[in-house]
Amino acid sequence: MTNQPMSETQFTLVYDALSFSLATMMASTIFFWLRVSSAGSKYKSALIITGLVTFIAAYHYMRIFNSWTEAYTWGADGVTPTDIPFNDAYRYMDWLLTVPLLLVEIILVMKLSPEDAQSKSMTLGSAAALMIILGYPGELVTSGGLGKRWVFWAAAMLPFGYIVQTLMSGLSSATEAEKDPNIRDLIKMAQTATVISWCTYPIVYLFPMLGLEGGGVVVGIQLGYSVSDIISKCGVGCIVYSITMAKTAAEAK
């Protein structure tokens, strides 16, 4: 895949976004894992997985950042594409691992029986993995005939719709079973934040179909996905952390 021509401003925007995302993921991982010892035994797994999500993301952001700096050189003539293609497949490898785990971390802090938690983790995790697998082939098409990108976008939206429906209504009984209104509101916040942040991914996926092209579409996709990742991984992770601490404190009374 040939690297798109890039202005100095465009290159710097992506460079800074990837660097910021990497730092955010690393800092979140350290925080979540250092706080595991403060969580109740029933909620340690949720917090460990929360940190694992940001750890995996940090690794892949490091690879994406390195690939970006190898794809372009900065000289007297400005930013010039190199013969080394920018490898954005790292992002999909990250999502294939972290997106199912993002759902598991929420399920583990809900009022579900072990059997129901395992069942929901398997079904939602499988749907999430299928969503990523279906979306990847279309991501490779950013110019020319975009029909293939539309097809894979539509296919990936099917498991996406199932996940959204399950989070917002399929798990409502477990959410309402929480007696503490503060904990109940936090779980609803985690569910809503997950859905809202995830809705940005298919929008960013549409950028090439909405007329963006060349360096502009590359920049738009990288910035959009980076912001979405920070919200869905670090932001929702902080909410999950708050739930674990609230439940730990409630059980200690």
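I48 lies in helix α2; helices here are DSSP runs of H or I with at least four residues, numbered from the N terminus. At 40% relative accessibility, I48 counts as partly exposed, because that class lies between buried, under 20% relative accessible area, and exposed, over 50%, with a 1.4 Å probe and protein chains only.

The model is predicted: local features need pLDDT of at least 70, side-chain atom pairs count only at pLDDT 80 or more, and totals for chains, interfaces and linings use all residues. Residues are numbered from 1 along each chain as its sequence is written, and side-chain values use heavy atoms, leaving out hydrogens and water.

Let us stay with helix α2. S67 is also found there, within residues 44–71. S67 is buried, at 6% relative accessible area. Apart from neighbours within four places in sequence, S67 is in contact (heavy atoms within 4.5 Å) with P85, F86, N87 and Y90.

I turn now to the interior. A nonpolar core is a set of buried Ala, Val, Leu, Ile, Met, Phe, Trp, Tyr and Cys residues joined through side-chain atoms within 4.5 Å. The largest one has 68 residues, and M6, W68, M131, I163, W198 and Y225 are those with the most contacts inside it. Helix α8 gives the most to this core, with 12 residues. A second, separate core of six residues includes F32, A39, Y241 and M245.

How values were computed. Helices (H or I, at least four residues) and strands (E, at least two) are DSSP runs, numbered from the N terminus.
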